[in-house]
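Subject: Handover of a structure

Dear colleague,

Please find the structure below, together with its sequence. My notes on it follow, and I would be grateful if you read them with the model open.

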Amino acid sequence: MTREELLSKKPLRVLEKIRENLERLNEKMEVIIELQKHGQNEKPVLPDASLDVMTLLSLPDHLRKTAMTICRCGRATAEEVAEQTSRARAVESAYLNQLVIMGHLKKERKGRKAYFYADRDGQG
Amino acid sequence: MGKIIAVHSYKGGTGKTLLSVNLAATFAKLGKKVCLFDLDFRAPSLFAILKVDHAQCWLNDYLNGACDIKKVMVDLSSSISGNGKFFAALANPGTEAIRDMSAKDRKWEMRALGRLLSLRNMLLDDQEFDYLVFDTSPGLQYSSINAIVAADFVVVATTGDRSDVDGTRRMLRELYNLFEKKTGLVINKVLDSTSKSKLDEMNARVKDVYQVPMLGLVPCFCEILRAEGNLIFTQDKPNHPFTKILEEMAKRIDANQAN
């Protein structure tokens with residue numbers, strides 16, 4: 001590899017890392033904004049709270065729509081959920097992360113994508 | 001793509017099973033590929049109505065994760081006229097099984113919902129079924145709400161009974177609306193249905209009370225009571241007014257789902 005190539009790759013990697021960190025920071029800020037917007041009603045509950053139908057019924061409307069979409073899809077990114085609900089990706093990302101904090105959903109990262117799912121096969 | 005129809009009601013005895021069986025049979029008579037599911041685990045009845053005693057597995061086993069859905073489904077197409085296909089998935093009527101299903105916890109119910117939702121891929125997508133019809137338990141029970149969440153359309157059966165009217169209105173507002181479900185109302189056991197003007201008047205009143213689309217008004221037919229659940233009415237009595245009402249209902253659902 002030539003010196004020029006090496007120099008051109010390193011900044012790219014650094015920039016990629018910065019972008020990833022910014023995205024994660026953004027997700028966390030979206031959750032904080034949403035929690036404030038809804039008066040922090042949706043406090044974190046049990047670390048492994050099932051997403052059963054009674055829980056779905058008790059969720060506020062905005063979160064129920066997101067949770068229902070995950071129930072139907074099984075596993076999805078914020079972008080995929082946004083396609084189904086016709087709401088903005090950033091909004092869905094915030095709601096999904098909120099459901100993770102509440103213990104109703106699990107989150108798994110694969111590369112740059114974050115997947116959300118209801119843990120139906122957990123203990124119990 | 002096929003659809004899941006749940007037949008539900010607030011109270012028992014509104015005619016859910018009668019409607020489910022005959023709606024599924026009518027779809028099959030119209031040439032559709034249909035499977036009828038007995039999700040009334042507290043009072044299973046389809047095994048008796050359809051006279052099936054040879055299911056390899058029960059629907060309970062499928063929801064317990066103990067067997068494949070194909071082992072549950074019984075092919076009853078030969079009992080229906082026309083080119084359609086008619087299958088049934090039955091609930092275990094044994095006392096032990098009923099007790100077992102009543103004692104399931106939230107985690108189990110969550111997994112059961114997952115298994116109901118996966119019927120969409122397995123039967124509607126892969127096996128090209130046109131309709132899965134869920135016959136449910138009345139009221140707000142886990143198994144019924146699971147069925148409603150999994151369904152595309154809910155047929156709500158009700159009667160003129162005061163407590164039924166109030167409960168059904170509340171359920172429309174606090175259950176189906178919250179899950180954003182499309183619903184169609186069937187008023188069963190309607191009395192004084194002899195004149196068209198009375199029926200029109202009732203239709204208008206019902207629309208005003210419930211604020212949801214009407215699927216049909218079913219008069220109280222003594223012939224249905226006399227049959228004592230021994231036959232698939234729409235199949236055995238093709239010219240009976242009940243059969244005509246069910247055909248209209250099936251066509252209305254079909255048109256609604258195509259939109």
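In chain B, Gln211(B) is found in the loop that lies between helix H8 (196-210) and strand E8 (214-219). Please bear in mind, here and throughout, that this is a predicted model. Although Gln211(B) is not a glycine, its phi is positive, at about 60 degrees. Is this residue buried or exposed? With 11 other C-beta atoms within 10 Å, Gln211(B) is exposed, because a residue counts as exposed when 12 or fewer such atoms lie within that distance.

Glu128(B) is not a glycine, yet it has a positive phi of about 55 degrees. Glu128(B) is exposed, and 11 other C-beta atoms lie within 10 Å of it.

The sheet of chain B

Chain B has an open sheet of eight strands with mixed pairing, in the order E3-E4-E2-E5-E1-E6-E7-E8. At its edges stand strand E3 (73-75) and E8 of chain B; each has a single partner strand, so one side of each is left without a neighbour in the sheet. On average, and with direction ignored, neighbouring strands of this sheet are turned by 20 degrees against each other.

Within the sheet, strand E1 (residues 3-8) of chain B pairs with E5(B) in the parallel sense, over five bridges. Opposite Ile4(B) stands Leu132(B), which belongs to E5(B). Helix H6 (residues 142-150) of chain B lies across E1, strand E2 (33-39), E5 and strand E6 (153-158) of that chain, and runs at about 145 degrees to E1(B).

Strands and a helix of chain A

In chain A, strand E2 (residues 106-110) and E3(A) run antiparallel and are joined by five bridges. Glu108(A) stands opposite Tyr115(A) of E3(A). These two strands, E2(A) and E3(A), form a hairpin with two residues between them, and Gly111(A) in the turn has a positive phi of about 65 degrees. Strand E3 (residues 113-117) of chain A also runs antiparallel to E1(A), to which two bridges join it. The bridge partner of Ala76(A) in E3(A) is Phe116(A).

Which residues of helix H4 (residues 78-85) of chain A are buried? They are Ala78(A), Val81(A) and Ala82(A). These residues cover an arc of only 105 degrees around the axis, which puts them on the same side of H4(A). As a general rule, an α-helix has 3.6 residues a turn, so residues three or four places apart point the same way. The cover over the buried residues of H4(A) includes H3, strand E1 (75-76) and helix H5 (89-101) of chain A. Just after H4(A), Ser86(A) takes a positive phi of about 60 degrees.

Where the chains meet

Finally, 12 residues of chain A are in contact with 15 residues of chain B. On the side of chain A that touches chain B, helix H2 (53-58) and helix H3 (61-73) of chain A each supply at least two residues. The largest share, four residues, comes from H3(A).

With kind regards

Technical notes:
Residues are numbered from 1 along each chain as its sequence is written. Chains are lettered from A and ligands numbered from 1 in the order in which they are written. This is a predicted model: local features need pLDDT of at least 70, side-chain atom pairs count only at pLDDT 80 or more; totals for chains, interfaces and linings use all residues. Two residues are in contact if their C-beta atoms, placed from the backbone, lie within 7 Å. A residue is buried if 20 or more other C-beta atoms lie within 10 Å of its own, exposed if 12 or fewer, and partly exposed in between; C-beta atoms are placed from the backbone. The arc is that of the directions from the helix axis to the C-beta atoms. Two strands pair if DSSP finds at least two bridges between them. Axes are lines fitted to C-alpha atoms, for helices over the stretch in contact, and angles run from 0 to 180 degrees between N-to-C directions.
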